[in-house]
Amino acid sequence: MDHAAVLRTTRALALGATLALIVLGLAWELWLAPTGQRTLAVKVLPLLLPLAGLARMRLYTYRWVSLGVWLYFAEGAVRATSERGIGAALASVEVVLALLLFVACAIHVRARLRADRGTAVAGHATSP
């Protein structure tokens, strides 16, 4: 797979996983297995912030999303092991989506840095 295809694929996966986490979080906390006053639905608000940066393939966004997604992984892991029924199943889906988002971001960042390094080396080799 060429460099541009890797970037397009990882962008699509990152955007898809982020949107899926938003939909999952809202559905989970508002309809499927709400807890308390349904206030946990606000947990999806931070996921709205990186959407534009992911779509525009901003390297900085991919970097910080790859770190922030671990909060959602941790929540999913805790709730998957402490809840029963549909709550545990939804938490397991959250874990999978968080891992998918992390992997997509990590591959995207690595591909971009490798391409930048290759461009810098090529530019250095051709300079007088």
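The charged end of Lys43 sits over the ring of Trp28, 4.1 Å from the ring centre. A charge sits over a ring here if NZ of Lys or CZ of Arg is within 6 Å of the ring centre and within 35 degrees of the ring normal. Before I go on, this is a predicted model, in which local features need pLDDT of at least 70 and side-chain atom pairs count only at pLDDT 80 or more, while totals for chains, interfaces and linings use all residues. Residues are numbered from 1 along each chain as its sequence is written, and side-chain values use heavy atoms, with hydrogens and water left out.

Let me stay with Lys43. Is Lys43 buried or exposed? Lys43 has 14% relative accessibility, so it counts as buried. Buried means under 20% relative accessible area, exposed means over 50%, and partly exposed is in between, with a 1.4 Å probe and protein chains only.

Which residues does Lys43 form salt bridges with? One is Glu29, with the closest N and O atoms 3.1 Å apart. A salt bridge is a side-chain nitrogen of Lys or Arg within 4 Å of a carboxyl oxygen of Asp or Glu. Lys43 is in the loop between H1 and helix H2 (45-48), and Glu29 is in helix H1, so the pair links distant parts of the chain, 14 residues apart; Glu29 is buried, with a relative accessible area of 0%. Helices (H or I, at least four residues) and strands (E, at least two) are DSSP runs, numbered from the N terminus.

The other partner is Glu75, with the closest N and O atoms 2.9 Å from each other.

Salt bridges that share partners join Glu29, Lys43, Glu75, Arg79 and Glu83 into one network. The whole structure has 5 salt bridges. In general, side chains of opposite charge can pair when their charged atoms come close.

Now a charged residue without such a partner. Arg112 is in helix H5. Arg112 is buried yet has no salt bridge, and the nearest side chain of opposite charge is Asp116, 5.2 Å away. For charge, Lys and Arg count as positive and Asp and Glu as negative, with His and the chain ends not counted. Leaving out residues up to four places away in sequence, Arg112 touches His3, Leu7, Met57, Arg58 and Leu59. Contact means heavy atoms within 4.5 Å.

Next, the nonpolar core. The largest one has 24 residues, and among those with the most contacts inside it are Trp28, Leu54, Tyr62 and Leu101. Such a core is a set of buried Ala, Val, Leu, Ile, Met, Phe, Trp, Tyr and Cys residues joined through side-chain atoms within 4.5 Å. Which helices each supply at least two residues of this core? They are H1 (3-32), H4 (59-82) and H5 (86-126). H5 gives the most, with 8 residues. Leu101, apart from its neighbours within four places in sequence, is in contact with Ala14, Ala17, Thr18, Leu21, Val65 and Val69. In soluble globular proteins, nonpolar side chains tend to be buried together.

On to the aromatic rings. The structure holds 2 aromatic pairs. The rings of Trp70 and Phe73 have centres 5.1 Å apart and planes at 75°, so this pair is edge-to-face. Rings of Phe, Tyr and Trp (its six-membered ring) pair if their centres lie within 6.5 Å; planes under 30 degrees apart are stacked, over 60 edge-to-face, and the rest tilted. Trp70 is partly exposed at 33% relative accessible area, and Phe73 is partly exposed at 26%. Trp70 also pairs with Phe102, a tilted pair at 4.9 Å centre to centre and 55° between the planes. Trp70 lies in H4 and Phe102 in H5, so this pair ties together parts that are 32 residues apart in sequence. Ring pairs link Trp70, Phe73 and Phe102 into a cluster.

Last, Val42, in the loop between H1 and H2. Val42 is exposed, with a relative accessible area of 53%. Val42 and Ala55 are 13 residues apart in sequence and 22 Å apart in space, C-alpha to C-alpha.
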